[in-house]
Amino acid sequence: MKKTSLAILAALALATTTLATSAQAQTRGFVPCDDHWSSSFFALSVGQNGEGIRSFYQGSVLLLHINTDEPAFFPEGVILLMPDGDGSAGPIGRHCFVNWGFSMIDVDASHATYDPTRGLSLTIPASNTSPADYQVRDASVRVLINVGQGTVTPLS
């Protein structure tokens, strides 16, 4: 296993355990993993060649694809890991956020731009399929990440 993969799995292991699978638990924004969620290795949807894992901001921000298999129409999501500080107040740990409840989310096609005055803008292609009419609708996720402040803010 690659050194990067081991580092990602170690960071994820520090984050927490087990994902809720209830349709009511679906979310459309990033929430801290420890508030309502926990992440588990069974939900990771990572390929042997690193599919489903993206890193940004010189490797400090990690995006991991998850798939819970249920509920059938909305099983996919992402876990976002980033530093919880700059190390000045102690060892650097990890903030963990999750955004779940999509029919499809494409971590590999995610892209980012960086503006030193605002932070890292991240776009994650996603869609949802309506159980009523089977229509696929865009549900792409756009967020602004401020690593220094440890915040993830939705963008419209």
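A strand, as the word is used here, is a DSSP run of E of at least two residues, and strands are numbered from the N terminus. In this predicted model, strand 9 covers residues 126–129 and strand 10 covers residues 136–138, and the loop between them holds S130. S130 has a relative accessibility of 15%, and because buried means under 20%, S130 counts as buried. A polar atom of the side chain of S130 lies 3.2 Å from the backbone nitrogen of A132. When neighbours within four places in sequence are left aside, the residues in contact with S130 are F73, Q135 and R137.

From this loop we can turn to a sheet. Strands of a sheet pair through backbone hydrogen bonds, either parallel or antiparallel. Here, 4 strands form an open sheet in the order 7-8-11-12, and their pairing is antiparallel. Strand 7 (111–115) and strand 12 stand at the edges, where each has a single partner strand, so one side of each is left without a neighbour in the sheet. From one strand to the next, the twist averages 25°.

Within this sheet, strand 8 (residues 119–124) runs antiparallel to strand 11 and is joined to it by 5 bridges, and T123 has R142 in strand 11 as its bridge partner. Strand 11 (residues 141–146) also pairs in the antiparallel sense with strand 12 (residues 151–154), over 4 bridges, and here L144 has T153 in strand 12 as its bridge partner. Strand 11 and strand 12 form a hairpin with 4 residues between them, and in the turn G150 has a positive phi of about 70°.

Note on methods
Residues numbered from 1 in each chain as written. Predicted model: local features only at pLDDT ≥ 70, side-chain atom pairs only at ≥ 80, totals over all residues. Heavy atoms only, no water. Pairing = 2+ DSSP bridges. Buried < 20%, exposed > 50% of the residue type's maximum accessible area, 1.4 Å probe, protein only. Polar contact = N/O pair within 3.5 Å; in protein donor to acceptor, adjacent residues only side chain to side chain. Contact = heavy atoms within 4.5 Å. Axes fitted to C-alpha atoms, helices over the stretch in contact; angles between N-to-C directions.
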